[in-house]
Every structure is written in structure tokens, then in C-alpha cells.
Amino acid sequence: MLWTVIAFLCGVSCSKVERVFPEALNEITFEPIDMPESKADDETYPEGEIFGMYAYYSACPGDVVFDAAEAWPMSSLYFEDAAFARNGAIWAGYDPQSGEHKPYYWPFEGSLMFVGYSPHSSQYGGQVVKNVTLTSENHNGVNPYLEITFVQNEIVKEMVDLMWFDVKDVNSGKTLARTETAVNMIFKHALSKVSLEFNDSHGIYRIKDVCMKNCINSAIFYSGKTAGWMPLADGEGRCDLKNYILPVTKAGEEWPLMSEWNTSDALPLLIIPQYMDGVYPTLGSGTLDTGGDVILEFTITDGFGEQTVEVLMKDHTDRWESGKHYKYTVTVNADPIDFGTPSVTITTQTVSM
């Protein structure tokens, strides 16, 4: 950057002194953005997504562990809740209102530390990810953490995948000095993923409706050393519950055979982590917030009649946890002569997302 300095010298005349600043500005960029490695879910960060970023400045040099006395405890806010979007091969600063590139620059001296989340609160009309704050005070040690109010979309195909990274997920948890190289961080999944596959022991049933009932739909997510969720509840301790209906498409005049349909056809569910019995302790009150038993409900038909089956998910899983993919294989066993209520067995597989 060219800096111009005008010096007024005492004497007969004035002179203008120009000098070139010895250091050029370096833009803060990120790439690649990798998800944790998993044999089951090999993912990369979505190219079209926009994430939010908090940066804190410290006078210490780069490669200092973030919780060292001279790092985060002595830091100050550099920028907050900045949006970053893909710009060519990298992610760079972005203005959600204008839709244009908005660069952010490294300080000439000292170092930065980063905390972020995805998608940015400006996305989805601000109705899904909102009230995002970063708490930087020390509580029994250095533990900066995000607090995010999250309300999931009820329509399955519009569900949002909330992700985040903490300061320890960038540069191995060490401060970063000015660089021309794009910074790498590791995003983590805050939600649980749930998918279903159906088997019919006799091959005679077709599936009409599938619904996961009594799911917590709004909660506050806390990152930091012990990441977790706290459901939002009304004054009487009732959680915000929703029924997630999985679309089952009719082919012509017939519903799909049960063994030929699974949630890969309808999209898996992205669900706020929760206990299957819907009971949560309320922080600081000693009382319990109650949701409800999470129930898998589906309707099957043999062409002559139909039955609606309900399965208590707590009989198969105690709770859904952050960053885990729960794969349920639902097998229906029924007498092909008497169309009564079938028996159901469920096989569960859990993998990291």
C-alpha cells in the first residue's frame, strides 16, 4: 500500500515527502476446508455454503498455544461474525447484503485466533441460525465458546446442517501470524444424522407414510471444551416438538415396495441431539424439561388394507449425539395370510459423521 506523508519544513519552501510502506496487506483466506475423516461419510465443506467467523488478536507471535497466558487471555476482538464465502479456489470475506467480496486483512504484527460456525446467520432468512455470540471470558481455564440459537427447518429436504469449529481446530490450536497462505480449519457436525432402511420379510408390503415424531426442533448449541445442546422450552417446561415427515413418492398408481425405499431416496434427517424419552434437566433449576418419546411411525399396505406401526426409538437408542450418523434397518415380519399388526425388529449402526 502506498502511504503519502506531507511534511511542512521550516524555511523558504515546503516539500512533500512520499514513501512506500515496506509491508503489503495480506488478505485473510481459508482453503481447503476439510471435514473430519470418516470411513462412512467422506465429506468436504459444501462449496456454496457461507460460514461465520470470529477473529481475536494477540500481540504474541504465531505458533503459540491459544490458552497460553500471552495468547487468548491477553487477546482482543479483531472482527466478529464476519461472513466468508467461496471466492475462486478459496473462501474469503463476503458481504451478505451486497453479495460481493469484502476482504479482511491480517495485522502487520502479532497473531490471530479464529472460531467459526456454518451456515452464517444471514442465510435462510436468519430463521434457522440466529443469536450467535462468542463468549471469551475465562471460566476455570481458557474456554472460548460459541452460543448459537438454532431452529431446524421442519421440511426434511430443507433441513440445515449446523457445523462449527473452535480455536483448537485451527493450526492445531496455536496462534497464526500473518501469512499469504490460505488457512485450514476442521469443521465438526453439531447435529445428529438419522437414516432409515426398510426390509419386508415376505416382500408383499408397500410403504405409504414415514414420520419421526416428537423431535426437539429448537435448542441452544454451546461449543467449547464440552460441546452440547440445551432445548428451548416454554414457561411450563415444554420443549418445542415437531414431527418430521419423510416424503414417499408414489410411482404411477403404486406406492414403493418397502424393501425398495430408504431415506437415501428422501434425504436423511438432520436432528438436534436429544434423549429418546425427551427428558432434560434445566440448568440451575433442579427441574426437568420434558419433550416426549421419540416415535418412528410408518404406514404399510398390501393393496387390500393398511396398518400404521409405531416404534419407540428409546427401545433401540438412548439418545442421539452430535456428529454421529444413526443408521436404522427396520425389518417388518408379518403373517402374509392374516394382515394384522406386524412385528418389527430394528438393527442399529452408528458411525461418525
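Gln97 counts as exposed because its relative accessibility is 79%. Here buried means under 20% relative accessible area, exposed over 50%, and partly exposed in between, with a 1.4 Å probe and protein chains only. This is a predicted model, in which local features need pLDDT of at least 70 and side-chain atom pairs count only at pLDDT 80 or more, while totals for chains, interfaces and linings use all residues. Residues are numbered from 1 along each chain as its sequence is written, and side-chain values use heavy atoms, with hydrogens and water left out.

## Loops and backbone

Gln97 sits in the loop between β6 (90–95) and β7 (100–101). Helices (H or I, at least four residues) and strands (E, at least two) are DSSP runs, numbered from the N terminus. Ser122 lies 25 residues from Gln97 in sequence, and the two C-alpha atoms are 8.6 Å apart in space.

Pro119 belongs to the loop between β8 (111–118) and β9 (129–135). The peptide bond that joins Ser118 and Pro119 is cis, with omega about 0 degrees.

Two non-glycine residues with positive phi deserve a look. Asp81 has phi near 50 degrees, a positive value in a residue other than glycine. Asp81 is part of strand β5 (residues 76–87). Its relative accessibility is 24%, so Asp81 counts as partly exposed. Ser172 also has a positive phi, near 55 degrees. Ser172 lies in the loop between β11 (163–165) and β12 (176–177). Ser172 counts as exposed because its relative accessibility is 68%.

## Strand pairing

Strands of a sheet pair through backbone hydrogen bonds, either parallel or antiparallel. Two strands pair here if DSSP finds at least two bridges between them.

Strand β4 (residues 51–58) has seven of its eight residues buried, so the rest of the structure largely encloses this strand. β4 runs antiparallel to β5, and six bridges join them. Tyr56 has Leu77 in β5 as its bridge partner. β4 also pairs with β8, in the antiparallel sense, over seven bridges.

An open sheet is formed by four strands in the order β9-β10-β17-β18, with antiparallel pairing. β9 and β18 (228–231) stand at the edges with a single partner strand each, so one side of each has no neighbour in the sheet. Neighbouring strands of this sheet are turned against each other by 20 degrees on average, direction ignored. Axes are lines fitted to C-alpha atoms, for helices over the stretch in contact, and angles run from 0 to 180 degrees between N-to-C directions. Within the sheet, strand β10 (residues 145–151) and strand β17 (residues 218–222) run antiparallel and are joined by five bridges. Phe150 has Ala219 in β17 as its bridge partner.

## Salt bridges

The structure holds eleven salt bridges. A salt bridge is a side-chain nitrogen of Lys or Arg within 4 Å of a carboxyl oxygen of Asp or Glu. The table gives some of them.

| Glu254 | Arg206 | 3.4 Å |

Glu254 and Arg206 meet in a salt bridge. Glu254 lies in the loop between β19 (241–246) and α1 (263–266) and Arg206 in strand β16 (residues 206–216), so this pair ties together parts that are 48 residues apart in sequence. Glu254 is partly exposed at 45% relative accessibility, and Arg206 is partly exposed at 23%.

Glu306 is partly exposed at 44% relative accessibility, whereas Lys208 counts as buried at 19%.

Glu321 is partly exposed, with a relative accessible area of 28%. Elsewhere, salt bridges that share partners join Lys213, Glu297 and Glu310 into one network.

## Second largest pocket

The second largest pocket has a volume of about 290 Å³. A pocket is an open set of points on a 1 Å grid over the protein atoms alone, where a 1.4 Å probe fits, with protein on both sides within 12 Å along at least five of seven lines; lining residues have an atom within 4 Å of a point. Grid points are joined across faces, edges and corners, and a volume is the space filled by probe spheres set on the points.

This pocket is lined by 18 residues, and Glu43, Met159, Val160, Asp161 and Leu270 lie nearest its centre. The lining has eleven nonpolar, two polar and five charged residues. Ala, Val, Leu, Ile, Met, Phe, Trp, Tyr, Cys and Pro count as nonpolar, Asp, Glu, Lys and Arg as charged, and the others, Gly among them, as polar.
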